[in-house]
Amino acid sequence: MRRGGPPSGAPGSRPGSGRTDKRERPRETPAAENDMRAKSAPTKSAPSRNAPVKPERAAPAAPERPLMTRTGEKPAERIPVILENQSSSGFRLIDSGAGEKLEQYGDYRIVRPEAQALWQRSLATKHWDHVDAVFTGDTDEDGMGRWRFPKGALGETWPMQLLGTEFHGRFTSFRHVGVFPEQQVHWDWMRQEIEKAKRPVKVLNLFGYTGVASLIAAAAGAEVTHVDASKKAIGWGRENQSLARLDKAPIRWICDDAMKFIAREERRGSRYDIILTDPPKFGRGPNGEVWHLFDHLPLMLDIGRELLSPKALGFVLTAYSIRASFYSIHELMRETMRGAGGVVESGELIIRESGLDGSERGRALSTSLFSRWVPA
């Protein structure tokens with residue numbers, strides 16, 4: 001699972017953000033990092049030259065049941081809503097342009113590709129050259145690249161903090177760094193809702209990646225179920241839990257295909273007060289299950305509706321790299337939530353440049369589409 005008016009992007013463009021097929025979030029590529037985002041099956045070793053080639057078996061289809069027939073009025077709507085990530089000591093966008101972005105992640109200054117940065121850079125070249133890490137190599141969203149360290153070699157991880165929660169940033173062979181900071185706007189909303197509830201709150205985090213959202217929810221007092229298809233991502237989440245000193249927090253780390261998991265939860269009658277889902281355009285589960293967003297998203301939301309508790313606080317969807325306007329997921333969410341009352345607010349998430357000292361209000365960079373249902 002990003003900002004500025006409803007665009008129609010190409011597939012792979014962050015929906016509505018005009019992103020091209022090059023995403024910064026390789027959520028579903030079965031490559032050496034296991035797609036870091038828990039969207040792909042573990043990578044198998046290459047066979048030896050003389051080993052017999054085994055034919056690939058067809059991946060099992062996602063579990064299906066008919067969509068519910070929803071009746072009643074559609075929820076009210078707020079559109080377009082532009083949610084802007086605020087700069088902090090943990091993260092900020094310093095500058096962007098010429099197909100790249102200059103970011104600050106904790107103590108490190110980093111340059112990464114950014115297809116949407118069509119304009120010229122604001123800062124002089126010397127500021128772009130004086131950085132700790134630059135992502136180079138294959139810049140295709142599904143391809144692998146490498147990091148260059150101009151000031152000297154760095155370790156794979158480094159400490160970071162967002163919204164008061166500590167975790168590890170991480171250099172991966174895909175361009176991302178273990179966290180997607182534009183999501184802070186949803187995490188901060190979630191944290192406030194949990195704290196305001198003054199009661200036990202259960203959160204379901206689907207496609208949860210390295211667990212930052214789950215940790216923020218747990219730190220606010222929620223009981224969290226974190227689901228991701230990558231064993232490596234689940235391992236990183238557990239490491240982050242220890243780093244955040246939340247070892248005793250009630251977090252269930254589930255390595256599973258998201259659709260299979262929620263189908264079982266529906267049969268069990270499980271209920272959640274907040275559901276976050278940040279699916280890829282395409283992905284594979286741990287046993288080869290196939291996920292296609294346009295094929296499976298309606299059923300995922302439909303089952304999610306059934307998993308919401310009678311006093312639910314919200315249902316949040318973000319979508320990246322799809323050929324669509326935010327209206328597509330907005331209307332789907334409204335149809336899914338027919339008869340539930342409340343409001344569906346949809347639009348884009350953006351990150352705004354803040355300059356060298358963090359005080360400027362520069363250009364906005366769109367990162368993804370979102371749709372969020374909240375009760376009245």
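(Buried means under 20% relative accessible area, exposed means over 50%, and partly exposed is in between, using a 1.4 Å probe and protein chains only.)

Before moving on, note that this is a predicted model, in which local features need pLDDT of at least 70 and side-chain atom pairs count only at pLDDT 80 or more, while totals for chains, interfaces and linings use all residues. Residues are numbered from 1 along each chain as its sequence is written, and side-chain values use heavy atoms, with hydrogens and water left out.

**Stop 1: the partners of R170**

Show the side chain of E156, which meets R170 in a salt bridge at 3.5 Å, N to O. (A salt bridge here is a side-chain nitrogen of Lys or Arg within 4 Å of a carboxyl oxygen of Asp or Glu; helices, H or I with at least four residues, and strands, E with at least two, are DSSP runs numbered from the N terminus.) E156 is partly exposed, at 45% relative accessibility.

For a whole network, select K74, E77, E331, R334, E335 and R338, which are joined by salt bridges that share partners.

**Stop 2: K151 and D132**

The whole structure holds 30 salt bridges, and one more to look at is K151 with D132, where the closest N and O atoms are 3.7 Å apart. K151 sits in the loop between β6 and β7 (157-162) and D132 in the loop between α1 (125-129) and β5 (133-137), so the pair ties together parts 19 residues apart in sequence. Is each end buried or exposed? K151 is partly exposed at 47% relative accessible area, while D132 counts as buried at 12%.

**Stop 3: the five-stranded sheet**

Switch to cartoon and follow β2-β3-β4-β5-β6, the order of 5 strands in an open sheet with mixed pairing. (Two strands pair if DSSP finds at least two bridges between them.) At the edges stand β2 (91-97) and β6 (145-148), each with a single partner strand, so one side of each has no neighbour in the sheet. From one strand to the next, the twist averages 25°. (Axes are lines fitted to C-alpha atoms, for helices over the stretch in contact, and angles run from 0 to 180 degrees between N-to-C directions.)

Zoom in on β2, which runs antiparallel to β3 (residues 100-105) and is joined to that strand by 6 bridges. F91 has Y105 as its bridge partner, and L93 stands opposite E103. The hairpin of these two strands has 2 residues between them, and A98 there takes a positive phi near 55°. With 7 of its 7 residues buried, β2 is largely enclosed by the rest of the structure.

**Stop 4: the eight-stranded sheet**

Now trace β1-β16-β17-β15-β12-β9-β10-β11, an open sheet of 8 strands, again with mixed pairing. β1 (76-85) and β11 (251-255) are the edge strands, each pairing on one side only. The twist here averages 15° from one strand to the next. At one end, β10 (residues 223-228) and β11 pair in the parallel sense over 5 bridges, and V227 stands opposite I254.

**Stop 5: the largest cavity**

Select Q183, W187, N205, A213 and D278: of the 21 residues lining the largest cavity, these are the closest to its centre. The space inside is about 230 Å³. (On a 1 Å grid over the protein atoms alone, a cavity is a set of points where a 1.4 Å probe fits but cannot get out, and lining residues have an atom within 4 Å of a point; grid points are joined across faces, edges and corners, and a volume is the space filled by probe spheres set on the points.) Each supplying at least two lining residues are α2 (184-197), α3 (212-219), β12 (274-277) and β15 (314-319).

Finish on α3, where 7 of 8 residues are buried, among them A213 and I216. G221 follows the helix with a positive phi, near 115°.

Notes
1 Å grid on protein atoms, 1.4 Å probe; cavity = no way out; pocket = protein on both sides within 12 Å on 5 of 7 lines; lining within 4 Å.
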